[in-house]
Amino acid sequence: MAQKVRIGDTILLGLTCLTMLASLYAIFIYAPTEKTTGVVQKIFYFHLPLAFLSFFAFFLVFLASILYLYSQDVRWDIFAQSSAEIGVLFCSLVLITGAIWARPTWNVWWTWDPRLTTALILWFMYVAYLMLRKLLKPGVQTSNIASVFGIISFINVPITFFAIRMWRTIHPVVIDQSGIHISAPMVITLLLSLAAFSFLFVVLLRIRVRVEKVLRAYEELYFLLERNKKRLPS
Amino acid sequence: MNLMKQIWPIVWKDLLSELRTREVVLAMCFFACLVLIIFNFAFFTGMGDTQGGDTQGILAGMLWVAFLFAGVLGLNQTFGAEKDREVLQGLLLCPVNRASIYISKVISNLLFMSIMEILILGLFAVLFRVTIWKVLPALGLIIVLGTLGFVCVGTILAAMAVNARAREILLTVILFPMIVPVIIAAVKATEKVLAGAALPEITGWLKLLVAFDLIFFLLAYGTFDFVLSE
């Protein structure tokens, strides 16, 4: 069994490295430089896959949370936690790459555009999710509570987006992205990059899940040990 | 009517203990007053600044920040006080649905917040010379819907945070991102109403608030079973 897992990991890791190399080649050499914004547009090939995968990660948190509440199987809880952590990591990178791109393009690091603002709130919500997990005292039904939070926060995402869009349409800000034209090589590059980051996501998720399983087993053992120590006459 | 029988005693218990200690509502009112006063120093430099100009946005924002900050104080106490006095266990042992506990806590939080809000609204009108009589029905509707949304989400999150370390800080951190839609809708609608807009102009915001209230009430009602643990 352990051998099987390792083979699967090796294949996945190999695929990640290959696609990552290919996409780096495509991004910096194959894809043409965009005319109006220049070289900085290339960050888009990192930004979009990361954004897509962070949303996907939060969707997985939502699904795994429902499945946990339904089945009370601790594996779903571990899955939700791991996915949330990687989602937060990717979402942070989305915000950072977005800011780097926005500075030369829009001339500001940040603007309160609906999509940006939603991404920021999303980031805050899932950092809160991780903090909630960390701060709950042992012995509390952390998994149940975190699952409920995972469900509520995901359902809140479209409502937040809707509210922010309504808020923005009242005071419109001129953000026009229509100048970006995507040619066929750009689409291919984007798809390659998306594939690379998807493989990376799966690899990270698998490793994180395994680490968490070991951690929880350790905590359980530690708990048993402490309890037995107390029972022994000193 | 069975539900009412389960809910009412818990609400009554909360009211009675509040009536005897007068800890929460009074502290909420004082805190909200202080927030208004501090905002006055932060945003307005002299007399008459609140008249004319484009201050409705700031005034609406101040009012809601005062409500929300004071509301968080109340939410922290809603399960926190019971935890500290070690009666949370007793509440859980009551022969009632966990969901009924949720509804009764929502009701008592709503009551506490309304008392605070009525007081603060009066003070707000006096301090900043805002004529609220004419817009009171619309303003009242916004405040009721906004507070309901805040309390619906806040109560379940307060129940989540009660068993955590640093629960007061945790509650603010998990609550504020969650109520962004309520804040936006309530502040924008209040701003328009203060600027003299009629009710039809803010129906979009009111609809958003109603949708938020409904969705989160049902969601919290359905999942509260899992949240409150011994």
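## Burial and fold of chain A

Buried residues account for 33% of the 234 residues in chain A. The model is predicted. Chain A holds 6 helices and 0 strands. From the N terminus, its elements read α-α-α-α-α-α. Its C-alpha atoms fill a box of roughly 75 × 50 × 35 Å along the principal axes. Take the contacts in chain A between residues at least 6 apart in sequence: 80% of them join residues at least 24 apart.

F197(A) sits in helix α6 (residues 184-231) of chain A. Why does F197(A) count as buried? The cut-off is 20 or more other C-beta atoms within 10 Å. F197(A) has 23, so it is buried. Beyond its neighbours within four places in sequence, F197(A) is in contact with P49(A), L50(A) and L53(A). F197(A) and S23(A) are 174 residues apart in sequence, yet their C-alpha atoms are 9.6 Å apart in space.

## Confidence

The predictor assigns the complex an ipTM of 0.89 and a pTM of 0.89. For chain B, the mean pLDDT is 88, and 94% of residues reach 70 or more. Within chain B, confidence is highest in helix α6 (residues 136-161), at a mean of 94. It is lowest in helix α4 (residues 88-93) of chain B, at 84.

## Helix α1 of chain B

Helix α1 (residues 2-21) of chain B has 20 residues, which should span 28 Å at 1.5 Å a residue. Its end C-alpha atoms are 30 Å apart, which agrees. Just after α1(B), R22(B) adopts a positive phi of about 50°.

Which residues of α1(B) are buried? They are I7(B), I10(B), D14(B) and E18(B). An α-helix has 3.6 residues a turn, so residues three or four places apart point the same way. The cover over the buried residues of α1(B) includes α2 (24-43) and α5 (98-127) of chain B.

## The contact between the chains

The contact draws 29 residues from chain A and 24 residues from chain B. On the chain B side, the elements giving two or more residues are α7 (167-178), α8 (180-194) and α9 (203-227) of chain B. Of these, α9(B) gives the most, with 8 residues. By class, the chain B side that touches chain A has 18 nonpolar, 4 polar and 2 charged residues.

## Helix α9 of chain B

What is the reach of α9(B) from its first C-alpha to its last? The 25 residues of α9(B) reach 34 Å, close to the 36 Å expected at 1.5 Å a residue. The helix bends by about 35° at Y221(B). Its buried residues include W205(B), L208(B), L209(B), F212(B) and F216(B). D213(B) and T223(B) are also among the buried residues of α9(B).

## The largest nonpolar core

The largest nonpolar core has 127 residues. Which of its residues touch the most other members? They are L132(A) and L157(B). Helix α6(B) gives the most to this core, with 16 residues.

Leaving out residues up to four places away in sequence, L157(B) touches L171(B), I174(B), L175(B) and M178(B). In soluble globular proteins, nonpolar side chains tend to be buried together.

Technical notes
Residues numbered from 1 in each chain as written. Chains lettered and ligands numbered in written order. Helix = DSSP H or I, 4+ residues; strand = E, 2+ residues; numbered from the N terminus. Buried ≥ 20, exposed ≤ 12 C-beta atoms within 10 Å, placed from the backbone. Contact = placed C-beta atoms within 7 Å. Nonpolar A, V, L, I, M, F, W, Y, C, P; charged D, E, K, R; others polar. Expected span 1.5 Å × (residues − 1). Bend = angle between axes of the 7 residues up to and from the residue. pLDDT = per-residue confidence, 0-100. Core = buried A, V, L, I, M, F, W, Y, C linked by C-beta atoms within 7 Å.
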